[in-house]
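Subject: Structure for you to look at

Hello,

Here is the structure I promised. Please open it alongside this email.

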Amino acid sequence: MVVGEVAVETDVIVIGGGPGGYAAAIRLGQLGKSVVLIEKEELGGVCLNKGCIPSKALIHAAGEFHKLPRIAKMGIRLPLEEATFHMPEWQKWKSSLIAQLNKGVHYLCEASGVTVVRGTATFLSSDRIGVETGGDFETFKFENAIVASGSRPFVPGFLERDGTYILDSTDILQMEEVPDSLAIIGGGYIGMEMGMAFSKLGTKVTVIEAADRVLPQIAVHHAQEVQKEAKKLGMVLKTSTKVETATVTENGQVELCVYSEKQGEERFVHDKVLVTIGRIPNTDAIGLAQAKVIVDERGYIPVDQSCRTNQAHIFAIGDVTPGTALAHRAAKQGVVAAEVIAGLSSANDSTLIPYVIFTEPQVAGVGLTKEEAMQQGYNIKSATFPYGANGRALATDEGNGFAEVIVDAESHLLLGMHIVGSDASNLIGEGVLALEMAARAEDLSMTMHPHPTLSEVWMEAAASVLGHAIHVVNKK
Ligand code: FAD
């Protein structure tokens with residue numbers, strides 16, 4: 001980096017230190033580029049500070065708490081009636097995890113020669129960025145830039161988020177108390193994950209979803225498993241229902257007025273309302289017009305397989321680009337953009353983006369669902385293998401769930417692998433690798449899987465599609 005009269009010069013500027021931005025910066029450092037990473041809040045972005053990590057820490061704690069009554073049958077006796085969940089303690093634990101991970105990201109950036117600048121970045125032109133650093137203003141001149149400024153929760157104006165009664169996903173993860181009742185507007189993955197966690201902690205949860213089912217992004221028969229568990233937990237799921245108004249009452253609750261064709265207008269009161277109906281990209285306040293970078297009508301930055309924008313030297317990655325807003329997609333794009341900038345042959349050319357939903361049961365998948373495969377003209381075969389026939393699942397009291405494989409009927413090429421049940425989030429890794437390697441059902445079924453483990457469900461599901469599973473009776 002050379003200090004000039006007007007601007008600090010660097011090979012690459014990265015705007016945003018989330019999982020996309022910091023992965024890009026570290027890879028650029030590894031490849032010998034001078035790189036300045038600008039972050040206005042905390043390294044790790046939404047994922048580490050307000051999203052993936054804190055939400056999974058809450059889901060885990062709520063799951064452990066909710067499991068307590070189940071351990072009596074395993075011979076563990078506790079005064080269960082004395083078990084309580086203490087939210088302020090959880091907050092402390094959560095903050096310590098975040099601090100540890102945040103420190104790790106700082107260390108990795110430093111070790112890779114990345115200069116981290118705390119401030120708010122704005123493009124001044126197509127080769128300059130200005131950074132507001134709490135009173136001071138610094139200018140950087142770059143050869144390449146990567147926009148990784150992420151996204152923020154979308155809360156429509158009429159819901160008037162106040163952070164106390166009407167909350168977004170960031171607010172709810174900072175609460176110091178478990179609310180008695182919670183209405184969640186939006187039954188997508190964040191809404192259902194949060195709803196189930198609070199339900200397990202004893203909150204009366206109502207989910208309001210405009211579509212005709214919750215988790216509308218995943219296959220119907222997978223979503224149904226979550227829906228069944230939600231009902232067992234006592235959650236109320238109001239589908240095909242729209243919220244019309246939300247009013248904070250004098251006694252500090254929120255009255256929602258909702259409408260559905262079936263029920264007409266209904267009103268109910270909850271202590272808190274969480275709005276999880278989508279996110280919007282942070283592309284409106286970073287001066288993209290000065291850099292002549294085009295955004296689409298929804299504010300996303302279109303990119304090609306190299307993550308290049310319409311300006312060949314400016315790249316965009318993660319939640320600011322069209323597509324699924326997931327941390328692993330952002331990180332992959334970050335590495336690709338960095339490698340392309342460093343002159344390597346790299347591309348984000350795979351359509352395989354796994355998804356994981358940390359509900360009860362967990363749901364995860366990669367590749368096509370049965371419906372998608374048929375719509376794409378494949379002649380398919382599919383099979384499921386139940387957790388109930390897997391020894392490890394039963395030995396850990398997790399017998400609810402199944403693994404599903406979908407293959408091309410003739411070649412047995414794996415087209416999709418989906419899993420509903422305990423630890424689906426970890427088990428889907430095998431599916432991603434299998435599909436990336438263009439594996440066939442035979443590859444999975446002939447691979448020795450360790451016993452007793454949940455991973456055997458893949459081997460058995462693949463064998464089942466070929467008609468020779470051992471632990472279920474095969475269809476003739
Ligand atoms: P972000 O993580 O949004 O980071 C962008 C960074 O840019 C931020 O730190 C921001 O402060 C900074 N920034 C913005 N503007 C500027 C500026 N002008 N100057 C300087 N800095 C700026 N994904 C998963 O894959 N799995 C999950 O389980 C999961 N769970 C989630 C749970 C919740 C509750 C939420 C909200 C999200 C979850 N996500 C999950 C989504 C995931 O967090 C995002 O997809 C991911 O963080 C996107 O990464 P990113 O690098 O594109 O941007």
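Predicted model: local features only at pLDDT ≥ 70, side-chain atom pairs only at ≥ 80, totals over all residues.

**The ligand**

Start with the ligand. It sits between two domains, because domain 1 (8-152 + 280-341) and domain 2 (157-277) both give residues to the shell around it. That shell holds 40 residues, and Glu39, Lys56, Ala121, Asp319 and Ala327 come nearest. By type, the shell divides into 16 nonpolar, 16 polar and 8 charged residues.

- Glu39 places a side-chain N or O atom 2.7 Å from an oxygen atom of the ligand.
- Gly20 has a backbone N or O atom 2.9 Å from a ligand oxygen.
- Ser151 has a polar backbone atom 3.5 Å from an oxygen atom of the ligand.

How much of the ligand does the protein cover? On its own, the ligand has 1,000 Å² of accessible area, and the protein covers 95% of that. Several elements give two or more residues to the shell: α1 (19-30), β3 (35-39), α2 (45-49), α3 (52-67), β5 (120-123), α6 (189-200) and α8 (327-341).

**Helix α6**

Is α6 mostly covered or mostly open? It is mostly covered, with 10 of its 12 residues buried. Among them are Met192, Glu193, Phe198 and Lys200. The length of α6 also checks out: at 1.5 Å a residue, its 12 residues should span 16 Å, and its end C-alpha atoms are 16 Å apart, which agrees. Gly202 follows α6 and has a positive phi, near 105°.

**Loops**

Val320 lies in the loop between β18 (314-316) and α8. Val320 is buried, with a relative accessible area of 0%.

There are cis peptide bonds to check. One joins Glu360 and Pro361, with omega at about -5°. Pro361 lies in the loop between β19 (355-357) and β20 (363-367). Another runs from His451 to Pro452, with omega near -10°. Pro452 lies in the loop between α12 (441-446) and α13 (456-465).

Which residues have a positive phi without being a glycine? Asp423 is one, with a phi of about 60°. Asp423 lies in the loop between β23 (414-421) and α11 (424-436), and is partly exposed at 33% relative accessible area. Ala438 is another, with a phi of about 55°. Ala438 lies between α11 and α12, and counts as partly exposed at 45% relative accessibility.

Best wishes

Note on methods
Residues numbered from 1 in each chain as written. Heavy atoms only, no water. Near = heavy atom within 4 Å. Polar contact = N/O pair within 3.5 Å; in protein donor to acceptor, adjacent residues only side chain to side chain. Areas by Shrake-Rupley, 256 points an atom, 1.4 Å probe, with all protein chains shown as cover. Helix = DSSP H or I, 4+ residues; strand = E, 2+ residues; numbered from the N terminus. Nonpolar A, V, L, I, M, F, W, Y, C, P; charged D, E, K, R; others polar. Domains from an automatic or database assignment. Expected span 1.5 Å × (residues − 1). Buried < 20%, exposed > 50% of the residue type's maximum accessible area, 1.4 Å probe, protein only.
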